[in-house]
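Student: I would like to learn how to read helices and cores from coordinates. Can we work through an example?

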Amino acid sequence: MMLFSFMRKHGKKIAFHTISCLLIGALVAVAYTAYQYKQMTQKWYAPIEEKNGNSTQASASLPPRDFLAGTEPMKPFLMLLLGVDSRDGESARSDTIMLAAIHPAKQGAYLLSIPRDSYMELSGKGYDKVNHAMAFGGPKMVKESLEKFLQVKIDRYMSVDFDGFRQIVDELGGVSVDVKKRMKYSDPSDDTYIDIKPGLQTLSGEQALDYARYRKSDLGKEDSDYQRINRQQEIVRALASKGSTVQAYAKAFSLMEIVGNHVKTDLTEGEIASLLISYGDPTPNAIHTDTLIGQDERIWHNGILGWYHLVPSSERERVRQQIVQAMTP
């Protein structure tokens, strides 16, 4: 009876204070999220240097969705994705090279993997393997070389280093992969020690990186670059699936911290927000993967007979058409 009387007398005041605390808490959470997001985008924004020496945005206009006004998503665009092996005292090397034709309105993406040994004209350097472009001239040279090779316009780029990849996978609780065979390889010269047993399992960040990079074997026949690319695409799809889970949203703050420290891109703050809204929709994202196909051949280059991946013009035209089709409104 006393409790009933107390609630009648003070219930409204208690409810008011409770609701007020909840609202204040929500506002603090929103403000902190906005702060973290701002910090992340400031850290990772690294536009490609233009020829005039000024650091500017990419020339393509990609108006982002204004989520307050409810306007349309960003227009389709083509993005260069780089997995970068950056070690102390060495030039960064592009271990993974992909082009992503992004269609936000359809929540779609066409991912094209570029074999690292693909032989092409590197901007300002002459003919060589495409993975050497990163060491010679950074993302800018990779971008310009692929634009000329495939006759496409690349609007944006994004690179992530190995340490960031490991941390992101670990923060998401690992990725589920059905490993088809035993993978064992060691190279003390660069601290590489890979040992993954076959079977369906959850790979840690370190294991996922090993799985994506594995090619040489201590147990017998080595894998082709195509097999390696298939595993990279498998990891990308697994991460994309993880990225839309409740766990990913719960880890938003820590993920933003990792991304801010280990990712570089010329996507603007508004563009990133727009993409998060488009691809955060519950509708399943449509990701189609493909690989630039060619033939491994030994050719003379700078007085050395070496192996290179030669891609015919017909294959370059095929993937160019795929890119165009993926970006068609």
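This is a predicted model: local features need pLDDT of at least 70, side-chain atom pairs count only at pLDDT 80 or more; totals for chains, interfaces and linings use all residues.

Student: Which residues of H9 are buried?

Tutor: Glu315, Val319 and Ile323 are the buried residues of H9. Viewed down the axis of H9, they fall within an arc of 80 degrees, so they line one face of the helix. The general idea is that an α-helix has 3.6 residues a turn, so residues three or four places apart point the same way.

Student: Which residues are exposed on the other side of H9?

Tutor: Ser313, Ser314 and Gln325 are exposed there.

Student: Is Glu147 buried or exposed?

Tutor: Glu147 is buried, because its relative accessible area is 14% and buried means under 20%. Glu147 belongs to helix H2, residues 132-150. Leaving out residues up to four places away in sequence, Glu147 touches Val152, Lys153 and Ile154.

Student: Now the cores. In the largest nonpolar core, which residues touch the most other members?

Tutor: That core has 37 residues, and Val175, Tyr211 and Ile235 touch the most other members.

Student: What is Tyr211 in contact with, leaving aside neighbours within four places in sequence?

Tutor: Tyr211 is in contact with Val177, Asp178, Val179, Met183, Ile196, Leu203, Arg231, Glu234 and Ile235.

Definitions and conventions: Residues are numbered from 1 along each chain as its sequence is written. Side-chain values use heavy atoms; hydrogens and water are left out. A nonpolar core is a set of buried Ala, Val, Leu, Ile, Met, Phe, Trp, Tyr and Cys residues joined through side-chain atoms within 4.5 Å. Buried means under 20% relative accessible area, exposed over 50%, partly exposed in between (1.4 Å probe, protein chains only). Contact means heavy atoms within 4.5 Å. Helices (H or I, at least four residues) and strands (E, at least two) are DSSP runs, numbered from the N terminus. The arc is that of the directions from the helix axis to the C-beta atoms.
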